[in-house]
Every structure is written in structure tokens, then in C-alpha cells.
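I opened my notebook to look around one protein, step by step. Come along and keep the picture open beside you.

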Amino acid sequence: QLTKLRDLRADYVYMNTVWQAPAVALRDRHKLGLDKEMTITGVYWHIPDLVMALSGEEYFSNYVLTWPAALPTETEIPGVKQAMDFYNRYRSGKPGLSYFYGIGEAEQIHEALKRTIKAVGHAGLTGINIKKHGFETLKDFVGGGVLKITNFSETERRGAQWIRMIQYVQGEKPGTGRFEAISDWYSTPAIVPQELK
């Protein structure tokens with residue numbers, strides 16, 4: 001596939017897949033000598049921590065993807081600081097990006113549970129009540145700021161409703177690279193057929 005794309009002179013290759021495919025594409029792109037000419041890009045289901053574990057950091061040049069959460073370097077965001085405190089207390093090394101996305105979703109779940117308990121008490125913690133009194137009441141919810149803004153409703157159930165483009169920047173030494181935002185946040189409206197709303 002990459003040789004066909006090379007022959008078509010594709011400079012951007014968008015992959016709407018999970019992490020195994022971009023890991024292979026990054027390695028094969030390198031074998032073909034296309035690291036500078038061809039940008040690999042895609043959705044946040046790439047889960048960059050897992051892509052790197054499969055492909056290796058040395059293949060991450062010219063790698064861009066969408067990402068719905070704050071980055072570990074954005075320590076001025078309260079949720080990122082709290083996430084780092086959690087991480088340093090219970091783990092070692094440095095956290096991957098997916099850790100912060102998980103923290104953002106945990107904030108949404110925690111807030112939905114708190115609101116449900118306030119509305120119907122502990123005995124009322126059922127799936128229907130959590131949906132109605134919890135998630136569907138999350139309007140303009142920011143939490144600690146790890147995720148941008150959440151607006152759930154009867155038909156809006158996506159946790160990641162805002163996104164940015166990020167790219168990997170190699171460090172001076174192996175293991176010192178990092179992802180950086182290369183766009184502002186932008187809203188991602190749901191593309192759902194009318195009959196499924």
C-alpha cells in the first residue's frame with residue numbers, strides 16, 4: 001500500500017485505524033526512505049503510546065494525529081497537574097498520552113455519579129438514572145480541563161467532543177521526545193444519520 005501511495009506522490013496518509021496499522025506504516029515508510037516526504041496521520045484511536053511500543057520512537061518523525069486531551073507538558077491545567085500527582089504517587093517512569101485521556105473520561109464519570117447521587121441517592125444508582133441525572137446534565141462541563149468541554153444529551157454520548165492536531169517532536173536523546181499541539185482546539189460535531197438520532 002505504501003509503495004502505491006509513494007507512486008501517487010501522496011504526502012499525507014490518513015489512517016482511521018487502531019494502533020497496530022500505523023506502527024507497521026511508520027516502520028515501512030522508513031524502509032522506503034519516505035520519512036520526510038510522507039506524513040502519517042490519523043485519529044486518536046492510534047493510541048500513540050502503543051504505536052511507539054510497537055514501532056519504536058525512532059520512526060515517529062513526521063507523525064501527526066488528532067488528540068482529545070491535554071498533553072503532559074501542559075502543567076498549568078489543574079487536571080494535568082492532578083493527573084501527574086496521581087501518576088507519580090502510584091507509578092514510575094513517565095505517563096503516555098492515553099493516561100491523560102483516561103483521566104479526562106474518569107472526571108466525566110465521577111461528575112455524573114456525584115450528580116446522580118445528589119438527585120436520587122445511592123439507592124438510585126441505576127444505569128437509567130446515571131444517564132438521566134448524571135451524564136445528560138453535563139453541559140459545558142470542563143472538570144480539571146484535561147478534556148476541553150463536554151456537552152452530553154439524550155443523543156450526544158461522545159466523551160471527546162473537542163480535538164487538536166498534535167505531532168511528535170524528537171528529543172536530543174532517545175526517550176526525550178514529546179508530542180506538541182500544532183493546532184487550536186476545534187469542535188467535532190457528531191456525524192450520525194438522522195434516523196439514528
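**Entry 1: the cavity**

On a 1 Å grid over the protein atoms alone, a cavity is a set of points where a 1.4 Å probe fits but cannot get out. Grid points are joined across faces, edges and corners, and a volume is the space filled by probe spheres set on the points. I noted a volume of about 30 Å³ for the largest cavity.

Before going on, I wrote down that this is a predicted model, where local features need pLDDT of at least 70, side-chain atom pairs count only at pLDDT 80 or more, and totals for chains, interfaces and linings use all residues. Residues are numbered from 1 along each chain as its sequence is written, and side-chain values use heavy atoms, with hydrogens and water left out.

Which residues line the largest cavity? I found Gly-104, Glu-107, Gln-108, Phe-141, Val-142, Leu-147 and Thr-150; lining residues have an atom within 4 Å of a point. This lining divides into three nonpolar, three polar and one charged. Here Ala, Val, Leu, Ile, Met, Phe, Trp, Tyr, Cys and Pro count as nonpolar, Asp, Glu, Lys and Arg as charged, and the others, Gly among them, as polar.

I stayed with Gln-108 for a moment. Gln-108 sits in helix α5; helices (H or I, at least four residues) and strands (E, at least two) are DSSP runs, numbered from the N terminus. Is Gln-108 buried or exposed? Its relative accessible area is 4%, so Gln-108 is buried (buried means under 20% relative accessible area, exposed over 50%, partly exposed in between, with a 1.4 Å probe and protein chains only). Leaving aside neighbours within four places in sequence, Gln-108 is in contact (heavy atoms within 4.5 Å) with residues including Phe-141, Leu-147 and Thr-150.

**Entry 2: the pocket**

Next I looked for an open space. A pocket is an open set of points with protein on both sides within 12 Å along at least five of seven lines. The largest pocket holds about 370 Å³ of space. I counted 18 lining residues, and Lys-94, Pro-95, Gly-96, Gly-177 and Arg-178 lie nearest its centre. The elements giving two or more residues to this lining are α3 (48-55) and β5. Which element gives the most? α3 does, with four residues. By class, I wrote down 11 nonpolar, four polar and three charged residues.

Met-84 lies in helix α4.

**Entry 3: the core**

How many residues does the largest nonpolar core have? The core has 35, and those with the most contacts inside it are Ile-40, Tyr-63, Trp-67 and Phe-179. A nonpolar core is a set of buried Ala, Val, Leu, Ile, Met, Phe, Trp, Tyr and Cys residues joined through side-chain atoms within 4.5 Å. Two or more residues come from each of β1 (12-15), α2 (20-31), β3 (63-67), α4 (78-90), α5 (97-120) and β4 (162-169). The largest share, five residues, comes from α5.

Leaving aside neighbours within four places in sequence, its contacts include Ile-40, Tyr-168 and Phe-179.

**Entry 4: aromatic rings**

My search of the whole structure turned up 12 aromatic pairs. Rings of Phe, Tyr and Trp (its six-membered ring) pair if their centres lie within 6.5 Å; planes under 30 degrees apart count as stacked, over 60 as edge-to-face and the rest as tilted. Why is the pair of Tyr-168 and Phe-179 edge-to-face? Their planes are at 70°, with the ring centres 5.1 Å apart, so the pair gets that label. Tyr-168 is in strand β4 and Phe-179 in strand β5 (residues 178-181), 11 residues apart. Both are buried. I also noted one aromatic cluster, formed by Tyr-44, Trp-45, Trp-67 and Tyr-101.

**Entry 5: Glu-180 and the whole chain**

Glu-180 is in strand β5 as well. At 29% relative accessibility, Glu-180 counts as partly exposed.

Last, I stepped back to the overall picture. The protein has six helices and six strands, and buried residues make up 40% of its 197 residues.
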